[in-house]
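Here are my notes for your read-through. Keep the model open and find each residue as you go.

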Amino acid sequence: MTVQAKDELVPHPVKDQLPGVDYCINSNPSWAEAVILGFQHYLVMLGTSVIIPTIIVPQMGGGNVEKAQVIQTLLFVAGVNTLLQSWFGTRLPVVIGGSFRFIIPAVFIALSNRYNAYLDPRERFKQSMRSMQGALMIASVIPALAGFLGVWRIVTRFLCPLSKAPLVLLVGIGLYEQGFPLLGECVEIGLPELVLLILLSQFIPHMWKLKLPIFERFAVLLSVGIVWAFAALLTVAGAYKNRPLQTQFSCRVDRSGLVSGASWIRFPYPLQWGIPNVDAGQVFMMMAAVFVSLVEVYILLPMSTGGFIAAARYGSATFCPASVLSRGAGWLGLSTLINGLWGTPSGSTVSVENVGLLALTRVGSRRVIQISAVFMLFFSVLGKFGAILASIPLPIIGALYCVLFALMSAAGFDLLQFCNLNSYRTKFILGFSIYMGLSVPQYFKGYVITTGRGPVQSGSATFDQIMQVIFTSPATVAGVTAYFLDLTLARRHPLTRKDSGRHWWAKFKYYGRDPRSEEFYSLPYGLSKYFPSV
């Protein structure tokens, strides 16, 4: 065979399930390895659980004690919701945590003039938290009903790989502000973490062959441990004594205030801040956040989930049937209800960074995620111990995000293998939706920076904020654009079905069309008999 014949270009084979995964959803590593991997997932989800209260709680009038209590509550409900989703929802290996998309409506509620009457910061915190609780609990009804009544099941059957790809891509890329900008707040520890993580997970495994894949599987734990110790040495040595306060807060390991504010033992419980308040305008604000959050996990209200798509891919499962997506949506609604009942400033969504960790470790085991949920519950009760881990400098977390969000986004490219990339229709829908998903949010954010208010000025502050929440989400804009164009542009053309990948998606529209669905998505304890998927 000639060299030319060997180098002849042929298309790579299409794969319904991602090859190269060491442990799929139903296979499990040893218990010892599973526990370490579960702790690693817990460590990764800590970033969002710390960042959200760090931004919101001070706006509510809370201090370090309130911030530590909210973080403990977020961890507790995350553990509960993760277990519920892995047992009775989609059954995918996903962590259910807080969402950055709730920051805007939560701050909007916290800064409401109605709370200026409370001079005591603790009382102001409680009153604003009660309003957030009431708004979340009422807003959670929408995804719960839409999921359990099968509304999303009907709508998701109109999806195809072409309309999903921009969504999945923008779910990760759209969080670029949480990556290198967060790392750059303390380059001397953030950049070493990024370089070390890439070396350990990507380069060293190819240069140094070991019997056990230690480096690629535990790169996050190893790199964070090394750089965190380095940051502690810099702190003890006094490297930041004369630096600005913001630099000290970002770089030092003793500036978060979480250890001093946390209790040794504290059980988060329902209605811990008092009876929730209900304000109609604030409810609509949180409904908008629920909508946008479900877009990033679920492809906007009537569409499929970016996080679930990627998790199914990295767990080496087949694509979720529409009925499974609808079931998962219902449980996400209940998760947001639980968040409101226990008292957090955020609803629930799939943790994007943990989906990226599935790809980094090549372990998509459901058991590992369930073990990580146990760690969430454990450290939410033992506050001091959890606070020590939660005090990891945020630039280290930003370095992790640079890699994990990128891997999450890469799952969107997987869907393009089912599309015809030689079609001009495909190129237009992909390019235009991705571009608009980046450009429109930038316009809305830039408008606020230059004028102090959003571009939508209807005369109703609540409606204006709803529009701001929706159109500052890259995944929302990209998903809506791709979905609309795919359903309307040259819909009746004979080549459109194959160009969009609909011929591939057809076998996943209904639960029983692919025999593998039962293997990955059937309910435990024989519950599928009483709650069948269709």
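1. Start with a pair of helices. Helix 2 and helix 4 are roughly parallel to each other, because their axes cross at roughly 15° and angles under 35 degrees count as roughly parallel. Bear in mind that this is a predicted model. Helix 2 covers residues 31-60, and helix 4 covers residues 103-110. Their axes come within 8 Å. The crossing is right-handed.

2. Who makes this contact? On helix 2, look for I52, I55, I56, Q59 and M60. On helix 4, look for I103, A106, V107 and A110. Sorted by class, the contact has eight nonpolar residues, one polar residue and no charged ones. As background, an α-helix has 3.6 residues a turn, so residues three or four places apart point the same way. Keep that in mind when you look at the spacing of the contact residues.

3. Now check how covered helix 4 is. Six of its eight residues are buried. They are I103, P105, A106, V107, I109 and A110. I103, A106, V107 and A110 also take part in the contact with helix 2.

4. Next comes the largest nonpolar core. The core holds 123 residues. Which of them touch the most other members? They are Y42, I56, L92, I189, V220 and Y521. Helix 2 gives the most to this core, with 13 residues.

5. V220 then contacts Q40, V44, L197, L357, L360 and L400. Two of these names, L357 and L360, return in the next point as buried residues of helix 18.

6. Helix 18 spans residues 352-361 and is mostly covered: ten of its ten residues are buried. The list is V352, E353, N354, V355, G356, L357, L358, A359, L360 and T361. Note that E353 is on it. Just after the helix, R362 takes a positive phi of about 60°. R362 is not a glycine. R362 sits in the loop between helix 18 and helix 19 (366-381).

7. S316 also deserves a look. Its phi is positive, about 55°, although S316 is not a glycine. S316 lies in the loop between helix 16 (306-314) and helix 17. Is S316 buried or exposed? At 13% relative accessibility it counts as buried, because the cut-off for buried is under 20%.

8. Go on to helix 17, residues 322-342, where N339 is found. N339 has 2% relative accessibility and therefore counts as buried. Which residues does N339 contact, leaving aside neighbours within four places in sequence? They are V77, N81, T344, S346, G347 and S348.

9. Finish with L194, in helix 10 (residues 187-207). L194 counts as buried, at 14% relative accessibility. L194 and I396 are 202 residues apart along the chain. Their C-alpha atoms are separated by 7.9 Å. Leaving aside neighbours within four places in sequence, L194 contacts F180, L183, A399, C402 and V403.

Key
Residues numbered from 1 in each chain as written. Predicted model: local features only at pLDDT ≥ 70, side-chain atom pairs only at ≥ 80, totals over all residues. Heavy atoms only, no water. Axes fitted to C-alpha atoms, helices over the stretch in contact; angles between N-to-C directions. Helix = DSSP H or I, 4+ residues; strand = E, 2+ residues; numbered from the N terminus. Parallel < 35°, antiparallel > 145°, perpendicular 65-115°, else oblique. Left-handed = near helix turned anticlockwise from the far one by under 90°. Contact = heavy atoms within 4.5 Å. Nonpolar A, V, L, I, M, F, W, Y, C, P; charged D, E, K, R; others polar. Core = buried A, V, L, I, M, F, W, Y, C linked by side-chain atoms within 4.5 Å. Buried < 20%, exposed > 50% of the residue type's maximum accessible area, 1.4 Å probe, protein only.
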